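Biologist: I'd like to learn how to read a protein structure, one feature at a time. Could you walk me through this one?

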Amino acid sequence: MYRTHTNGELNINNVGENVTLSGWVQTIRDKGFMMWIDLRDRYGITQLVVDEDRASEELFAEARKLGREYVVRVKGEVIERVSKNPNIPTGEIEILIKEIEILNEAKLPPFTIENETDGGEELRMQYRYLDIRRNPVKNKLIFRSKVAQEVRSYLANDGFIEVETPVLIKSTPEGARDFVVPSRMNPGQFYALPQSPQTFKQLLMVGGLDKYYQIVKCFRDEDLRADRQPEFTQIDCEMAFVEQEDILNIFEGLTRHLLKEVKGVEIDKFPRMTYADAMRRYGNDKPDIRFGMEFAELNDLAKGKGFNVFDAQELIVGIAAPGCASYTRKQVDALIDWVKRPQIGANGLVWARYNEDGTFKSSVDKFYSEEDLKAWAEKMDAKPGDLMLLMAGDANSTRKQLSELRMEMAKRLDLRNPEEFAPLWVVDFPLLEWDEETNRWHAMHHPFTSPKPEDIALLESNPGEVRANAYDLVLNGNEIGGGSIRIFNKDVQSRMFDLLGFTKEEAQKQFGFLMNAFEYGAPPHGGIAFGFDRLVSILDGSETIRDYIAFPKNNAGRDVMINTPASIDASQLEELHIDVKDIKS
Ligand code: ASP
């Protein structure tokens, strides 16, 4: 038997018991006449002691052979500690060792395996299995597992069935590039890895399964922004005979269940906001509503006062940064530089201090009177002590830029409290968006999303105005889920493919299987998918998904532990009928 107890289990009530423990040696303190060893496993740390008076010389010699991270089994008696450690559950006891057995030796680890470590990120990724031994990493994986179990329990309780869908498929259009896999048995042909199980879950609805879910890996070959992974996990769901309202209710319920079970947080009904409102009020389709600084549009108040910079613009819009009237000129200039950086791309920033004494001071005093600025303040809901920040330009980009500034101010003002949870639904997304580069319409969600029935008539005449039965669930400024009611009628689906610029042949070739299925009695259906990695990280008060993935990839999409992607043998390439030019190995 390797152990009678784990290393997190024993306490003062076990004093006098003879126990067997196994684990890794975390630290060794050798005082000559006495040695203390911290033994670690997933459950905690137990202090072991060998002392000259009570141990044989052989035992002492054996203990001296130990090194950091050695795997050992010890037998001994639980005794009360002289100097207790109130910070850990086992802190009142220690084990007086009677036998030690080294189960495996260990090389000196490349970084310290403690809560605080000296290892840099790349090194820890390379030795991820050692990093996982550390509490901060291990606890995140345990947290993830708990969330997954709560997801399963909620959905299973509601009658959802878990179905696995294939990984070797053909393209699903979620808007990214596909990863492809060559088929040896079908020369020159390729599978694509699923960007999501979208078409399969719809086919499961045609198959009559009614309620489907799956916690599933998805693959998207995108340029990796800071917090993206080429493979990630979704909680993927689909239901038949539902309307948007049914889906929102069930998945609001799921989110509420998770917040309650894993965070102990109870939240009332989630607010809903249309896409148009989210853009107007926050310049963002995933607004963080934990704090204010809502947009105020000032065209009426700021135009026609002789300030040409404003007069010529489509939109003048501002926010009031709370308590920032005291910003020095230098701090304000730094903000102006910040918005002018190419990542934000604004032309500049107009500012107006609403001083504590009720007076105003602005960068445009030449053009605007106290009265004017007071009217701005009212519109912006600014209070004495606030700093009003205005931007102007074409509506879309100005909103985006001001949204960046709003988030930046929230960060500087510490308004993004990770322990506060502010979910909301964003609904009524546009069905299509115009892509300047390719000069054609793109599905904003995906091509299977249903237009709102009342907007179907506009499909050909005014596609940009058509709203979709599509919704996103936003939590603390992050999109954690998104879905839609689907098209289930072959004709509407084929009109949609037309709009997206597919020829009939292309549509048939790529999605014929789905359109054919729609001819055999497809029920009305809809669904949603949550980004599971992101959901878990936000619930845990972090925004770094990589920390919640056991074996993540780095920013270049590499797994530096197993060193992949990697080249493959010429013979393997040949077997796959692939001719690779200019291989760099
Ligand atoms: N397949 C969609 C996605 O991955 C989710 C859905 O529409 O259910 O975003």
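This is a predicted model: local features need pLDDT of at least 70, side-chain atom pairs count only at pLDDT 80 or more; totals for chains, interfaces and linings use all residues.

Biologist: What is the phi of Asp428?

Modeller: The general idea comes first. Most residues other than glycine have a negative phi. Asp428 is not a glycine, yet its phi is positive, near 60°.

Biologist: And why does Asp428 count as buried?

Modeller: Buried means under 20% relative accessible area. Asp428 has 18% relative accessibility, so it counts as buried.

Biologist: Where is Asn563 found, and what is its phi?

Modeller: Asn563 lies in the loop between H16 and H17. Its phi is also positive, about 55°, although Asn563 is not a glycine.

Biologist: Which residues does a cis peptide bond join?

Modeller: In general, most peptide bonds are trans. Here, Thr564 and Pro565 are joined by a cis bond, with omega at about 5°. Pro565 belongs to the loop between helix H16 (532–539) and helix H17 (570–575).

Biologist: Let's turn to sheets. In what order do the five strands close into a barrel?

Modeller: Strands of a sheet pair through backbone hydrogen bonds, either parallel or antiparallel. In this barrel the order is E1-E2-E3-E5-E4, and the pairing is mixed. On average, neighbouring strands of this sheet are turned by 55° against each other, ignoring direction.

Biologist: How many bridges join strand E4 to strand E5?

Modeller: Ten bridges link E4 (residues 71–80) with E5 (residues 93–104), and the two strands run antiparallel. To follow one by eye, find Val78 and look for its bridge partner in E5, Ile95. Then look for helix H1 (residues 57–64), which lies across E1, E2, E3 and E5 and runs at about 65° to E5.

Biologist: Now the ligand. Which residues come nearest to it?

Modeller: There are 14 residues around the ligand, and Glu174, Gln198, Lys201, His445 and Arg486 come nearest. A side-chain N or O atom of Glu174 is 2.6 Å from a nitrogen atom of the ligand. Gln234 places a polar side-chain atom 2.9 Å from a ligand oxygen, and a side-chain N or O atom of His446 is 2.9 Å from an oxygen atom of the ligand. The protein covers 92% of the 270 Å² of accessible area that the ligand has on its own.

Biologist: Which element gives the most to the shell around the ligand?

Modeller: Strand E22 (525–531) does, with three residues. Helix H5 (198–206), strand E21 (478–485) and E22 each supply at least two.

Biologist: Which residues of H5 are buried, and what do they pack against?

Modeller: Gln198, Thr199, Lys201, Gln202, Leu204 and Met205 are buried in H5. The buried residues of this helix pack against strand E9 (211–219), strand E10 (231–240), helix H15 (504–517) and E22.

Biologist: One last exercise: how far apart are Ser494 and Gln508?

Modeller: Compare sequence with space here: they are 14 residues apart in sequence, and their C-alpha atoms are 9.3 Å apart. Ser494 is part of helix H14 (residues 490–499). Setting aside neighbours within four places in sequence, Ser494 is in contact with Lys504 and Met515.

Definitions and conventions:
Residues are numbered from 1 along each chain as its sequence is written. Side-chain values use heavy atoms; hydrogens and water are left out. Helices (H or I, at least four residues) and strands (E, at least two) are DSSP runs, numbered from the N terminus. Buried means under 20% relative accessible area, exposed over 50%, partly exposed in between (1.4 Å probe, protein chains only). Two strands pair if DSSP finds at least two bridges between them. Axes are lines fitted to C-alpha atoms, for helices over the stretch in contact, and angles run from 0 to 180 degrees between N-to-C directions. Contact means heavy atoms within 4.5 Å. A residue is near a molecule or strand if one of its heavy atoms lies within 4 Å of it. A polar contact is a pair of N or O atoms within 3.5 Å; within protein, one must be able to donate a hydrogen and the other to accept it, and residues adjacent in sequence count only if both atoms are side-chain atoms. Accessible areas come from the Shrake-Rupley method with a 1.4 Å probe; for residues, only the protein chains shown count as cover.
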